[in-house]
Amino acid sequence: MSATTMAKTAYENPAQPIRTLRATEYEVFARVTRRLKQAEARADFVELASAIHDNRRLWTILATDVALPQNPLPAALRARLFYLAEFTQAHSRKVLLGQARAEVLVDINTAIMRGLRNEGAHG
């Protein structure tokens, strides 16, 4: 879909609910996590490598965001998220080398999704 088409249809359905940032983050994590699970279940290395690439990109973006001084999250939470991003990168390398399974990446993403969902219920 081109940018022009997207712009023309952006306000087409005003009854469509507006997503919060937290809901959008949850959906991105859910999509990547689902791909990781499916690829590992199918033992499809190409699909797994693609899902891991996207997961790494997601965690790189997250790490960059929590490293910004203006990030509003508490410093301790930012540090834990940054550590998880580093761990995810290292574990992803092991998965691609056949030295580990993607299950740990799925577990980490699932924990993040739970946190996003719980905080959304309180906010």
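Student: Which residues lie nearest the centre of the largest pocket, and how many residues line it?

Tutor: A pocket is read by asking what surrounds it. In this predicted model, the largest pocket has a lining of 21 residues, and those nearest its centre are Glu-25, Leu-62, Leu-73, Leu-81 and Leu-116. The volume of this largest pocket is about 530 Å³.

Student: Which helices supply at least two residues each of that lining, and from where does the largest share come?

Tutor: Each of α2 (21-42), α3 (45-67), α4 (75-96) and α5 supplies at least two residues of the lining of the largest pocket, and α2 gives the largest share, which is six residues. By class, the lining of the largest pocket holds 14 nonpolar, three polar and four charged residues.

Student: What lines the second largest pocket, and how do the residues of its lining divide by class?

Tutor: The second largest pocket, with about 170 Å³ of space, is lined by Val-28, Arg-31, Val-32, Arg-35, Asp-54, Arg-57, Leu-58 and Ile-61. Its lining has four nonpolar and four charged residues but no polar ones, and α2 and α3 each supply at least two residues of that lining.

Student: Turning to the surface, which residues form a nonpolar patch?

Tutor: A patch is read as a group of residues. Here Tyr-83, Phe-87 and Val-104 form a nonpolar patch on the surface, and together they have about 260 Å² of accessible area.

How values were computed: Residues numbered from 1 in each chain as written. Predicted model: local features only at pLDDT ≥ 70, side-chain atom pairs only at ≥ 80, totals over all residues. Heavy atoms only, no water. Patch = residues over 30% accessible without salt bridge, like charges linked within 9 Å, V, L, I, M, F, W, Y side chains within 5 Å. Areas by Shrake-Rupley, 256 points an atom, 1.4 Å probe, with all protein chains shown as cover. Salt bridge = Lys/Arg side-chain N within 4 Å of Asp/Glu carboxyl O. 1 Å grid on protein atoms, 1.4 Å probe; cavity = no way out; pocket = protein on both sides within 12 Å on 5 of 7 lines; lining within 4 Å. Points joined across faces, edges and corners; volume = space filled by probe spheres on them. Helix = DSSP H or I, 4+ residues; strand = E, 2+ residues; numbered from the N terminus. Nonpolar A, V, L, I, M, F, W, Y, C, P; charged D, E, K, R; others polar.
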